[in-house]
Amino acid sequence: MRAVENALNITIPDNARIIRNLITGIQYVQDHVIHFYHLHALDWVDIVSALKADPARTSQLAQSISDWHNSSTAYFKSVKDRLKAFVESGQIGPFSNAYWGHKAYKLPPEANLMAVAHYLEALDWQRDVIKIHATLGAKNPHLQTYLVGGMAVPIDPNSQNALNADSIAFISGLAKKALEFVQKVYIPDLLAVASFYKDWAAYGAGVGNYLAYGVFEQDTRSNTENLYFPRGIILNKDLSKVHPVDHKKITEYVTHSWYEYPDGDDKARHPWDGVTNYKYTGPKPPYKFLDTDKKYSWLKAPRYEDRPMEVGPLARMLVAYASGHKRVQEVVQYVLKKLNVGPAVLFSTLGRTAARGIETLVTAEMLPVWLDELAANMKKGDYRIHNNERWDPSTWPREAQGYGFHEAPRGALGHWVKIKDGKIDNYQIVVPSTWNGSPRDAKGQRGPYEAALIGTPVEDPEQPVEILRTVHSFDPCMACAVHVVDADGNEVTRIKIV
Amino acid sequence: MGNASGTGAPGRGSIYESLLKRGLSRRDFLSFCSVMAATLALPASLTPRIAEALEKKEKPVLVWLEFQDCAGNTESLLRATKPTVGSLVLDVLDVEYHETIMAAAGHQAEKSLYDVVKNKKGKYIAVVEGSIPVKDGGVYCCIGGRSAIDIVKEVCSNAMVTIAAGTCAAYGGLPAAAPNPTGAIGVKDAVPGITVVNLPACPMNVENLTATVVHFLTFGTLPPLDNLGRPLFAYGKRIHDNCERRAHFDAGQFVRQWGDEGHRQGWCLYEMGCKGPETFQNCPRIRWNEGVNWPVGAGHGCVGCAEPAFWDKMTPFYKRLPKVPGFGVEKTADKVGAGLAAVTGAAIVAHGIGRVLSGGRKEKEEE
């Protein structure tokens with residue numbers, strides 16, 4: 001959408017910009033909380049150990065770190081009783097066959113019980129706050145109001161079929177609920193859990209290069225650099241310099257990917273000239289291992305100036321921190337002080353997980369600000385939500401090309417389009433999980449997942465919960481990279497044993 | 001604690017018992033049952049019957065497979081409100097395998113799946129999310145070195161019933177869009193001869209999944225399906241015929257441009273390309289995210305995401321459908337497609353409660 005807007009030189013109305021910020025903002029908040037509690041926490045939290053917790057001491061712990069209302073002894077006793085009945089039923093569903101009792105779990109039973117309680121609370125919370133998407137985007141998942149040129153959700157304070165004062169009030173209530181949970185539950189839990197796992201600041205650094213396209217537009221120019229979370233690149237963990245981003249320096253290799261390029265697989269291509277000719281050369285299923293010296297992945301290998309880059313919340317927060325973003329710096333300092341550690345710990349598995357929480361808080365704080373911007377426009381009588389000038393394809397040039405930058409919750413997302421005679425001639429997408437899950441390139445350079453796993457201690461190769469900690473810290477795109485994760489897991493275990 | 005239907009104590013390991021353990025009251029439980037009745041378009045008088053069934057049944061074991069998918073249906077599962085996702089995953093169902101939400105990974109996760117296939121043969125529910133690529137020996141989607149087609153055949157042919165969650169699992173969806181490079185197909189085509197309930201849409205609305213499962217637990221049969229394998233309670237009627245903006249269509253009041261007066265006043269989106277006249281789904285009735293909104297309600301036309309091959313047949317999304325005649329509800333259905341029209345007729349008959357209870361009868365007999 002942004003790529004087409006860029007190609008056709010379309011400027012969107014201010015209201016469309018604000019609505020997109022609100023949608024992306026609540027997506028970050030909801031997605032990051034789900035990631036922490038439901039996709040990552042059980043790498044750190046032992047739910048079976050929670051059965052040994054003393055509810056009174058759990059209550060003391062909870063009250064010592066937050067004034068969240070659900071913190072009484074009775075509350076934690078009820079959670080413990082429910083958990084006990086659930087475990088004793090023998091039907092523990094998604095918690096079956098996991099790593100409970102593994103030595104790598106370090107939390108005391110009370111912290112485990114507190115985390116289990118918040119796992120359950122977060123399940124209810126996430127489906128409530130995401131109603132902001134239903135209001136502005138029709139439904140969640142898979143919103144349906146995005147248009148090239150703006151948004152399909154009308155604004156009119158005098159209509160019951162458009163965004164009006166009621167909608168603003170509804171969104172405002174949910175935004176408050178979102179922020180309160182982040183402030184009083186997510187951040188205190190993150191700090192409490194992290195304080196027991198400080199050794200994980202030494203593992204999982206990865207490639208040490210970070211790329212952020214930046215996000216939350218502050219004006220309506222196509223691919224504007226005026227962003228709340230800035231655009232930039234950090235190289236070799238050096239926070240003293242932020243390098244600019246030039247989309248022309250982005251290329252993709254297929255040396256170790258199941259694709260072929262017309263002029264050889266060792267030469268990288270820019271996405272505008274990207275080719276997606278798939279050619280599987282791996283073993284015939286069923287197979288046990290992939291040969292990583294050959295082609296071994298469905299992901300291409302994106303590179304910036306031939307360097308592998310990490311993308312995601314850590315990249316965004318490092319670029320913001322190094323660019324002098326005041327609020328990000330404050331929250332980063334607060335977290336480092338609470339954990340009594342220096343900024344170097346950010347380059348790690350622990351840092352990646354902490355950065356996601358920092359970003360969630362700073363983003364949740366902005367939701368009311370953007371909502372006020374929308375209300376101010378409505379008050380001025382500005383109801384525009386779509387620029388119609390290029391809606392009809394007959395108004396387009398015969399040929400055009402464009403690119404669009406976005407930051408998905410899990411990292412930098414770029415689209416490149418070439419248009420010819422009113423139709424797509426080429427469309428290439430470079431998604432966050434191809435950056436992070438990238439296979440090796442022509443020079444043999446590893447991508448972030450692979451690099452991050454080197455040196456990770458694995459207590460028991462049959463129960464590699466430590467591997468999950470680092471891979472999950474990237475928030476891998478389950479849909480497209482889970483198989484690669486499996487392959488990496490095998491590979492690292494082998495390296496470790498050798 | 002009383003028992004509404006007077007059939008004795010709740011069964012051990014039953015859903016009801018599980019809800020009690022989580023601190024829900026009898027009142028909450030009955031309220032859950034009546035919501036289920038409403039979703040299934042059953043009369044409220046049937047609530048005790050649902051309650052009775054849920055009090056007796058052990059939590060059914062469910063495994064959830066993901067193939068060529070985006071996890072959108074999994075995300076939809078997390079938005080469940082009636083009952084909530086916590087209740088659904090922990091109390092109502094025993095979800096033994098689900099790549100995205102389970103704690104285990106790798107070998108441990110695969111063990112959970114194959115333990116169910118081995119030990120609960122013919123007694124578990126399989127949910128499939130995503131399409132299955134069959135071209136070139138199935139190399140385009142492998143999990144743990146096994147091809148999707150290999151896995152789906154083993155898991156679904158041993159299941160009591162299979163539910164295809166979302167358009168990709170039902171009909172191939174996006175991966176099957178022309179030119180369908182990986183030979184993506186839906187579950188019913190991948191494993192011929194098994195019982196499959198299709199819950200298409202992109203993603204499926206989770207309330208339809210819950211209702212299907214509860215129907216199965218309550219009556220021991222699947223809800224009546226149309227000729228595309230979709231439950232009539234959710235897909236028996238066109239979007240267009242239940243649409244809150246239908247009066248504007250009949251009155252000829254159309255949105256002509258995004259943000260124009262008609263758009264702000266909630267007029268019909270037909271001219272903007274709405275595919276409601278060709279799409280069978282209960283979006284206008286149950287809506288999304290606890291009833292907050294749905295595409296047409298928000299101001300964007302339906303894209304027909306619950307229909308087979310919608311990426312090919314419903315595009316361009318913003319070009320209006322040809323020839324959708326004016327007034328009336330059923331009048332134009334034959335022009336939408338003869339097969340679908342017959343099904344729409346069956347839907348109304350099948351919703352007679354006695355017939356639903358008898359369950360086993362064929363739709364033909366009901367007509």
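Biologist: How many Å separate the centres of domain 1 of chain B and domain 2 of chain B?

Modeller: This is a predicted model, in which local features need pLDDT of at least 70, side-chain atom pairs count only at pLDDT 80 or more, and totals for chains, interfaces and linings use all residues. Residues are numbered from 1 along each chain as its sequence is written, chains are lettered from A and ligands numbered from 1 in the order in which they are written, and side-chain values use heavy atoms, leaving out hydrogens and water. Domain bounds come from an automatic or database domain assignment, which gives 15-234 as domain 1 and 239-313 as domain 2 of chain B. Taken over C-alpha atoms, their centres are separated by 28 Å.

Biologist: What area do domain 1 of chain B and domain 2 of chain B bury between them?

Modeller: Contact means heavy atoms within 4.5 Å, and here it takes 25 residues from domain 1 of chain B and 16 residues from domain 2 of chain B. Buried area is the accessible area (1.4 Å probe) that two parts lose on being put together, summed over both. Carbon and sulfur atoms hold 55% of it, and the value for the two domains of chain B is about 1,600 Å².

Biologist: Which residue forms a salt bridge with B:Arg230?

Modeller: A salt bridge is a side-chain nitrogen of Lys or Arg within 4 Å of a carboxyl oxygen of Asp or Glu. The rule finds one across the interface of domain 1 of chain B and domain 2 of chain B. With the closest N and O atoms 3.1 Å apart, the partner of B:Arg230 is B:Glu307.

Biologist: What is the area buried between chain B and chain A?

Modeller: In this pair of chains, 72 residues of chain B are in contact with 66 residues of chain A. Carbon and sulfur atoms give 57% of the buried area, which is about 5,900 Å².

Biologist: Which residue of chain A meets B:Glu290 in a salt bridge?

Modeller: The count between chain B and chain A is three salt bridges. In one of them, at 2.7 Å from N to O, the side chain of B:Glu290 meets that of A:Lys131.

Biologist: At what distance from the ring centre does A:Arg352 lie over the face of A:Phe474?

Modeller: A charge sits over a ring if NZ of Lys or CZ of Arg is within 6 Å of the ring centre and within 35 degrees of the ring normal. The charged end of A:Arg269 sits over the ring of A:Tyr261, 5.5 Å from its centre. For A:Arg352 over A:Phe474, the distance is 3.8 Å.
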